[in-house]
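This briefing walks through one protein model, topic by topic. Keep the sequence and the 3D view open while reading.

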Amino acid sequence: MSAGGGDSTYDVQLHCYDFKHGKRGRAIIFNHMEYDPKTKIQKRLASICDANMLVETFKKLGFAEDDIHIYHGIHVQPGSESLIAKANGSEKDTSVAYEECQKAFQAVLKQKKILPENIRFYKGSKLTQLTSTESLKIIEEAAKDEKYNEDADCIVFAVLSHGGEVSDASDDPVRQGFIHCYEGPLHIELFMKPLRDDTCLSLKGKPKLFFIQACRGTGLDDGVLVQEDAHSGKVSAGPPRTITSTPVEMRNIPAFNNFLTAYSTPPGYFSFKGPHGSYFIISLCSKLNEHYSSGMDLIRILTRASNHMAKEFTSKTYSPTSGMGNPALHEKKQVPVIVSKLTKLVVFTAN
């Protein structure tokens, strides 16, 4: 199948980003699991499952393991500093050093009561409190690495955290949205600013991809009942109910050219997760794994992920039999939102 999804007349050079550099690029994952106790923000220990899924998918997409960096945000307990320092040891080029780091990494996360089967150690794994200052420093350093970026196809960020929106006069989701870092919120716009085409020349004209798993408010989507033909896929209306989410939101902001941001949920809405990962990351990784090698472009893959998520996932937060759980969040629906400022197609061709 040709690039873009099968059109034999498709002009790859004109319509697709150049993915024939020496490196696929950096993939950076911010996995916020714990926060400053003063903030009273709920822990997200199960999000390590999302981080693990993303690493395995990024490797399939052609990102070298040495170029995948996973920052696990935790609260550093007094007395655990030396063990964390060992887990973050820089000398991972020998098997002995790697094994020592792995054991320390596992020991720290076991103390956090993370299930042993969910603890996976990679070369790029780091344990840190992941403050807003550190998050921005990581992004800025990646943007300034000109020698590396010039030989890279793209750069990818995945952010796993709590989130929300600020109240202002703007209706731009990029400007309104924020992510909770260790000590407080950080505007999503600030994540992207160092990578703009007019400030990061080494990534100019290359795709900057963001995948954000976080709530964007407290709104809930009850869904809408429809009838779908099992053979044609044609949908007809069912009983009237309100649906407020949209599968794809296409925007174009020239100052942020060549960005794509895939949010797990629409502005103002709740984002659900289960014991084995979030609905969004499970759908995203599933469809990327299924379609990347076919030459299908990223927008089409994300549309399939939206379809899968909308149909297959319904929140399960309450047991009518036992009366346990939260009935207010039970049997709700969710669909991602894609904000694209890409100017070409992203096709993960072999490099």
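The model is a predicted one. In it, P185 is in contact with F178, I179 and H180, leaving aside its neighbours within four places in sequence. The points below start with this proline, then turn to the nonpolar cores, the strand pairing and the cysteines.

- P185 belongs to strand β7, which covers residues 185-187.
- P185 has a relative accessibility of 53%, and exposed means over 50%, so P185 counts as exposed.
- P185 and G164 are 21 residues apart along the chain, and 8.8 Å separates their C-alpha atoms.

**The nonpolar cores**

- In soluble globular proteins, nonpolar side chains tend to be buried together.
- The largest nonpolar core in this model has 37 residues. The residues with the most contacts inside this core are I29, L54, F58, F63 and L209.
- Several elements give two or more residues to this core, including the strands β1 (23-32), β2 (68-73), β4 (152-160), β8 (208-213) and β12 (259-263). The helices α2 (48-60), α9 (279-291) and α10 (298-312) also give two or more.
- Which element gives the most to this core? The answer is α9, with six residues.
- L54 touches I29, A158, L160, I281, L284 and C285, when residues up to four places away in sequence are not counted.
- There is also a second, separate core of 28 residues. Among its members are I155, I188, C200 and V339.

**Strand β4 and its partners**

- β4 pairs with β1 in the parallel sense, over eight bridges. K23 stands opposite A152 of β4.
- β4 also runs parallel to β8, and six bridges join these two strands. A158 has F211 in β8 as its bridge partner.
- A158 is also one of the residues that L54 touches.

**Cysteines**

- How many disulfides does a search of the whole structure find? The search finds zero.
- C154 has 1% relative accessibility, and buried means under 20%, so C154 counts as buried.

Methods
Residues are numbered from 1 along each chain as its sequence is written. This is a predicted model: local features need pLDDT of at least 70, side-chain atom pairs count only at pLDDT 80 or more; totals for chains, interfaces and linings use all residues. Side-chain values use heavy atoms; hydrogens and water are left out. A nonpolar core is a set of buried Ala, Val, Leu, Ile, Met, Phe, Trp, Tyr and Cys residues joined through side-chain atoms within 4.5 Å. Buried means under 20% relative accessible area, exposed over 50%, partly exposed in between (1.4 Å probe, protein chains only). Helices (H or I, at least four residues) and strands (E, at least two) are DSSP runs, numbered from the N terminus. Contact means heavy atoms within 4.5 Å. A disulfide is a pair of cysteine sulfur atoms within 2.5 Å. Two strands pair if DSSP finds at least two bridges between them.
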